[in-house]
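Trainee: I am new to this model and would like a close look at one part of it, namely the aromatic rings.

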Amino acid sequence: TGMTPDFFSCLALIYPCVTGMLAGMSKSQQLKNPSHSIPKGTFWAIVTCTMVYLTVCWLFGMTIGNRTLKVDKFVTASVSFPHEIIVRGGVLISCLGLIL
């Protein structure tokens, strides 16, 4: 493709997954046995998120053209159902929620 991803572009892909897990860990006071549940839950959250990310990347790579993946920075919204405005709105609401 002529483009080699660097460390920061790869970090930008996985960063939202990690911040979501950290938000879940902040609820530890509600657990019966936090010293057992937090490491186990964090491990399975990392495994689940990694599998979801790899599956989505693989499916996008198999179904969307190389040129489209390089040019369209919002390709997820372009292929969304029923309309791309839902994904764009979700991204906006998510960003606003992080600000709060």
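Trainee: To how many aromatic pairs does the count come by the ring rule?

Mentor: The model is a predicted one, in which local features need pLDDT of at least 70 and side-chain atom pairs count only at pLDDT 80 or more, while totals for chains, interfaces and linings use all residues. Residues are numbered from 1 along each chain as its sequence is written, and side-chain values use heavy atoms, with hydrogens and water left out.

The count comes to 1 aromatic pair, where rings of Phe, Tyr and Trp (its six-membered ring) pair if their centres lie within 6.5 Å, and planes under 30 degrees apart are stacked, over 60 edge-to-face and the rest tilted. The partners are Phe 43 and Trp 44, and because their planes stand at 75°, with the ring centres 5.1 Å apart, the pair is edge-to-face.

Phe 43 is partly exposed because its relative accessibility is 47% (buried is under 20% relative accessible area, exposed over 50%, partly exposed in between, with a 1.4 Å probe and protein chains only). Trp 44 has a relative accessible area of 48%, so this residue is partly exposed as well.

As for the setting of the pair, the chain has 5 helices and 0 strands (DSSP runs numbered from the N terminus, helices being H or I of at least four residues and strands E of at least two), and its elements run α-α-α-α-α from the N terminus on. Of the 100 residues in the chain, 5% count as buried. The chain exposes about 8,200 Å², and carbon and sulfur atoms supply 72% of that area, by the Shrake-Rupley method with a 1.4 Å probe, where for residues only the protein chains shown count as cover.
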